[in-house]
Amino acid sequence: MATAATILEDIDHKFCQCCLCFEQYKDPRQLPCFHRYCGRCLDKEIDRNNGDLKCPLCQQEADVPEDGAHGLKKDFFMNEIIEFLDLKRSFQDGETHECGDCSQIVKARSYCFKCSEFLCDGCHQYHMTKKSLKEHRPYLLTLEDVKSKNLTLQKLSSLKQAPMCKTHPDDVSRLCCKTCENIPICLACIHGDHQSHKVEDAISLSRGKKVELRSRLAILKESRDTMERLAERRSKLIVDVAEEADKKIAELNHGANDMLGKLGNDLKIVREERSVASKEMMDKWELERQHRREALEEKMESLRKEHDRLEEKYKNDHEANIRKFDETYGKKESKLVGKQTSVQKQAQDGKALIMNEKGNKVDQAKAAFDIAKTAIERMQNLIETGSNILVSENNWTVIQNADRVCVASEPLIRELGGEIPEVDKVLEYSQVRLSLGRAEAMKIADKPVIEVTIEDIGRKGWYIQGVAAAPDGTVVITGGTSQKQAHISVIRLDGRISEQKLIASNMSGTHCTCAYFRDDEFAITTFFNANIGLYNTDNNSYHSTDLSKVINKEVKVWCVTADGSNDQIIVGCEYDPVLYVLNGKLQLTRTINLQQIIKSPGDIVVNNGTIFICCQSRTSVYAVNMEGGLLHELPKPGSTNCTIPYSVCTSNNGSVYLLWVERDISVVQDCAITQYNPDDGSLLTTTPIRAEQGWIAAAEIDGEEKLILPSWVGGMLRVYGLEEDQ
């Protein structure tokens, strides 16, 4: 597009050609979108559309004035270009004109915009030397100016004098009547028809309009640049959407393959155990049969009847054992095969969901960038038109057109707000969780398989307020001491402490909890310090941060759980219905609002995207998703007085275990351990036990999963075995 600084010699004739009639513009008029057409062409468009008008190029609607296209704004910019091209053609073609001074018919030497007449060579010299015509000299356009090929619209506009007053034709209009829509008036007019009107000096008004226009153009350019940066990201974002979908599918395939591989190994082990056990049973039976036969042969005659009876008895017993054996292992195989099928189906459904979302998100990204492209074109049109007005030396051009650009820019700026639309959200896909299905009901042993006193803990009067176990069997306990410290202790199952770390606190007996995070790291919280930290069992190191400073709010941390595979540490605080989620660098990543569910969490555990929360004040346990939405409330244990949910944990097979107590005091009392299915929160088993109030964790010990229950005071550690509830 040509601008006011464009050299007029470089303007192509097609630039001055109407795109409707394909001829040079005649009476060019501008629509609100700043596209220009011949006045008569626009009248034809209005007639063709039954009195309505849409821009043929951008389809933006325009209000039709009462007098049709004649009421639309004249295109000052195009008129100046056409005027110059007509003068240029007249000079270059050697056309003859009547000299405005001497009336001779000659080839024109120059053109005086003040006289609005062509001049011969002699009269041109007269204009240049006569003192009385001194004011005409700035308004002369010569043949040399045209031939110089460096004449710009800005220079051309400076050759034109201010318009003459319509009321007093001999006077130059130096004032502008704002009451009458900025029409030009002279000094005499302010004592006549415009005496009570709002009048301003044309030059001052023009300068003010330029200041306002510069401000508007700066905002438009910034919005245009923002949209262009957004448009440049279009291709990359669409590729990122596709790549993110492929990444999610790869992760899903990887997770399904790992799970299917483990199930396949478990199935192989069960089948091998069955084969070995079956052979051993057959060998044992054959051996016993041979021994009986050899013994009975000595008493064959006298004991034959007894031999037949015993043979039949042993045969029946053997067949019964075989049936029981086949039934037991058949159930195990059936469960594992069912879980394999379930995981394959979940993975297949998850991939279908992501592929469907992928297509929708690509369409969303394309639509967003189409809108941005249209906005850029509209802003660019306004910026170029406003820039031409801004550099014009003709004050009346500025006065008559600057307001239009400012008014047209307001709804566009307000609509876009100068912001980049949030398009990164198209990269967010639905989370697909793989589940092994309903957990197996497990029977808890009546008596502990291990019962020891942890050295130093009981003797020093220290507290145990948290227990957690790593997959390799490493067990960590935490709690307050009799001094202004908290302890982190790595314990052995014989009661000895292998590693220990003391953390300074601002009071004795501070509440200190823990949860396994990943590798050799455990998440640790201390109550009064509001600290959340990571303890490494490999090198006995510890580093922490003050949660109050991270969230800019005074809190007292009370409980913690962690999901190392998703880099999440979830912290609950006393009398605070918000859970705080941090990453492995102890940086806050998000919050989970539980305002509608609980006021203060007692203990928490996360299991495959579900958070289980003990609410001691309401004597209830809730399951919520990672956004804080309530999934279900876990049922209380029946036929027991244990109504306070004190501690919660999960096991390797996915079960959720809860320790319920009668009252919140540290004495031996009736307790209950309940097992729940994590998917629907249904109660699987309830086991009453006799123990002190304390904490619960699941750990793999000697190849089998067991429950660890340390007491709050006294340093007592109990370990209970688990077996399938038949």
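**Strand pairing and a helix crossing in a predicted model**

Good morning. I begin with strand β30, residues 620–625, and strand β31, residues 630–633: they run antiparallel and are joined by 3 bridges. Please bear in mind throughout that the model is a predicted one. Within this pair, Tyr 622 lies opposite Glu 633 of β31. The two strands make a hairpin, with 4 residues between them. In its turn, Gly 628 adopts a positive phi of about 95°.

I turn next to an open sheet. Its 3 strands follow the order β9-β8-β10, and the pairing is antiparallel. β9, at 117–119, and β10, at 140–142, are the edge strands; each has a single partner strand, so one side of each is without a neighbour in the sheet. On average, and with direction ignored, neighbouring strands here are turned by 25° against each other. Between β8, residues 110–112, and β9 there are 3 bridges.

Finally, the helices. How do α6, residues 202–232, and α8, residues 300–390, meet? Their axes come within 9 Å and cross at roughly 150°. Since angles over 145 degrees count as roughly antiparallel, α6 is therefore roughly antiparallel to α8. The crossing of α6 past α8 is left-handed. On the α6 side, the residues in contact include Leu 213, Leu 217, Leu 220 and Met 227, as well as Lys 210 and Arg 214. On the α8 side, Phe 369, Ile 376, Met 379 and Ile 383 are among them. Sorted by class, this contact comprises 14 nonpolar, 4 polar and 5 charged residues.

Thank you for your attention.

Note on methods:
Residues numbered from 1 in each chain as written. Predicted model: local features only at pLDDT ≥ 70, side-chain atom pairs only at ≥ 80, totals over all residues. Heavy atoms only, no water. Pairing = 2+ DSSP bridges. Axes fitted to C-alpha atoms, helices over the stretch in contact; angles between N-to-C directions. Parallel < 35°, antiparallel > 145°, perpendicular 65-115°, else oblique. Left-handed = near helix turned anticlockwise from the far one by under 90°. Contact = heavy atoms within 4.5 Å. Nonpolar A, V, L, I, M, F, W, Y, C, P; charged D, E, K, R; others polar.
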